[in-house]
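Here's a quick briefing to read alongside the model. Keep the viewer open and click through as you go.

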Amino acid sequence: MKFDNLLRYAVRVIDAYSGEKPLHIWLKDFFRANPQMGSTDRKLVSEMVYCFYRLGHSLNNIAAAERILIGLFLCNDSQSGALEYLKPEWNAAISKSLEEKIELLQMNFPDFSADQIFPFISLLSAGMDHVAFSLSFLKKPELFIRIRKGKEEIVPAKLREKRIYFKEAEPDDQLLFKACSFANGTRLDGVLDLNREAVVQDLSSQKTGSFLKLPDMDPEKILRAWDCCAASGGKSILLADLYPTLDLTVSDIRKSILENLRKRFADAGIIRYQAFEKDLTRVTDLPKQTYDLIVADLPCTGSGTWSRTPESLYFFNPESVGPYSGKQKLILSNVIRCLKPGGVLVYITCSVFAAENEEVVHSIEKEGALQLLRQNMITGYSENADSLFAAVFKRSG
């Protein structure tokens with residue numbers, strides 16, 4: 001009876017939710033309005049709802065309750081009380097491989113296939129494995145940290161002392177610092193001195209450091225860099241670790257972001273920087289100075305991060321890509337004016353769509369001011385991480 005009721009609550013959430021705000025925030029409001037549920041029940045209802053959305057655009061023709069149970073089966077590998085009560089035959093097979101579970105599911109739902117989860121294959125950037133990316137939505141992404149220089153021994157020791165399970169990332173040419181991963185939801189505050197010892201940063205985002213490290217840049221020379229859409233500031237802290245003599249400028253269109261950055265930078269020990277609030281779609285908002293390095297991690301669909309917010313995939317409208325692409329081209333065309341001769345621009349998105357990636361690069365190349373040095377998708381789906389795109393340009397001297 002309990003699991004029947006919780007399944008009905010999950011269906012109520014799905015029927016009422018329209019994607020107007022992030023699901024985790026909407027769920028908090030829903031539970032506040034339904035205080036009769038305890039923390040364990042709220043956790044299970046949330047799990048049911050997220051598993052529904054992890055199926056993306058597959059099996060949209062079946063009832064929500066059935067779809068929830070399919071999601072619970074495909075997205076988990078340990079025994080479930082809800083499945084034991086509602087679908088015991090699936091619960092008995094919960095520890096099988098994902099491929100085996102899909103085959104078992106297809107006995108009752110022969111039309112199901114992985115590529116239906118993310119059906120927008122024609123929009124993908126080069127280098128994306130469509131099936132692997134689609135299947136990644138059925139896996140819960142991990143939490144990653146980047147260990148800062150000099151803290152490589154301290155951080156693992158603290159984690160072991162508190163008996164927090166973690167995995168060290170495999171060595172990779174793109175990883176310039178030591179990285180660790182945890183089960184999503186692991187609490188690290190109070191265990192680590194976050195930002196000073198380690199930075200919470202997705203693994204693929206950490207790998208953009210290989211695009212930010214300039215081979216011909218003297219690390220003793222003062223590098224003037226501008227993180228023009230700084231957001232949470234992870235790449236700014238990465239820049240500070242790569243270039244000890246960094247002269248850093250950060251900007252964002254949102255005042256609240258800059259206020260949060262001031263605290264995060266203080267925690268990280270970054271004291272020499274300038275910050276300003278500007279709308280970079282307007283030439284009149286551009287800074288007067290010029291820079292050796294501009295990092296443009298621009299607003300995008302965020303499609304490379306949707307395994308963390310699977311509701312974004314479910315409610316995705318392909319027509320939303322065009323406006324993002326247009327805004328990216330406009331901002332890049334503007335900020336190029338602030339790049340010194342011989343300077344480098346690094347363009348980054350957390351998108352998997354060619355219109356936000358290669359097409360934007362092609363547009364900037366056509367303007368003729370910059371030379372493309374390299375571009376690449378940083379695919380994270382094999383490591384339970386996000387997928388990002390990065391491109392490096394150089395201005396002729």
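N195 is buried, with a relative accessible area of 12% (buried means under 20% relative accessible area, exposed over 50%, partly exposed in between, with a 1.4 Å probe and protein chains only). You'll find N195 in the loop between β3 and β4, and its phi is positive, about 80°, even though it is not a glycine. Bear in mind that this is a predicted model, where local features need pLDDT of at least 70, side-chain atom pairs count only at pLDDT 80 or more, and totals for chains, interfaces and linings use all residues. Residues are numbered from 1 along each chain as its sequence is written, and side-chain values use heavy atoms, leaving out hydrogens and water.

- Most residues other than glycine have a negative phi.
- R163 isn't a glycine either, yet has a positive phi of about 55°.
- R163 sits in the loop between α9 and β2 and is exposed, at a relative accessible area of 80%.

- Helices (H or I, at least four residues) and strands (E, at least two) are DSSP runs, numbered from the N terminus.
- Four strands make an open antiparallel sheet, ordered β2-β3-β1-β4; two strands pair if DSSP finds at least two bridges between them.
- β2 (167-168) and β4 (198-200) are the edge strands, each with a single partner, so one side of each has no neighbour in the sheet.
- β2 pairs with β3 (residues 179-182) in the antiparallel sense over two bridges, and E168 has C180 in β3 as its bridge partner.
- Helix α9 (residues 154-161) lies across β1 (143-147), β2, β3 and β4, at about 135° to β1 (axes are lines fitted to C-alpha atoms, for helices over the stretch in contact, and angles run from 0 to 180 degrees between N-to-C directions).

**Helix α13**
- α13 (residues 255-268) has 14 residues and spans 20 Å from its first C-alpha to its last, close to the expected 20 Å (1.5 Å times one less than its number of residues).
- Its buried residues are I257, L258, L261, R264, F265 and A268.
- They cover an arc of only 120° around the axis, so they are on the same side of α13 (the arc is that of the directions from the helix axis to the C-beta atoms).
- The buried residues of α13 pack against β4, α12 (234-242), β6 (247-252) and β7 (273-277), where contact means heavy atoms within 4.5 Å.
- Exposed K255, N260 and K263 are on the face of α13 turned away from its buried side.
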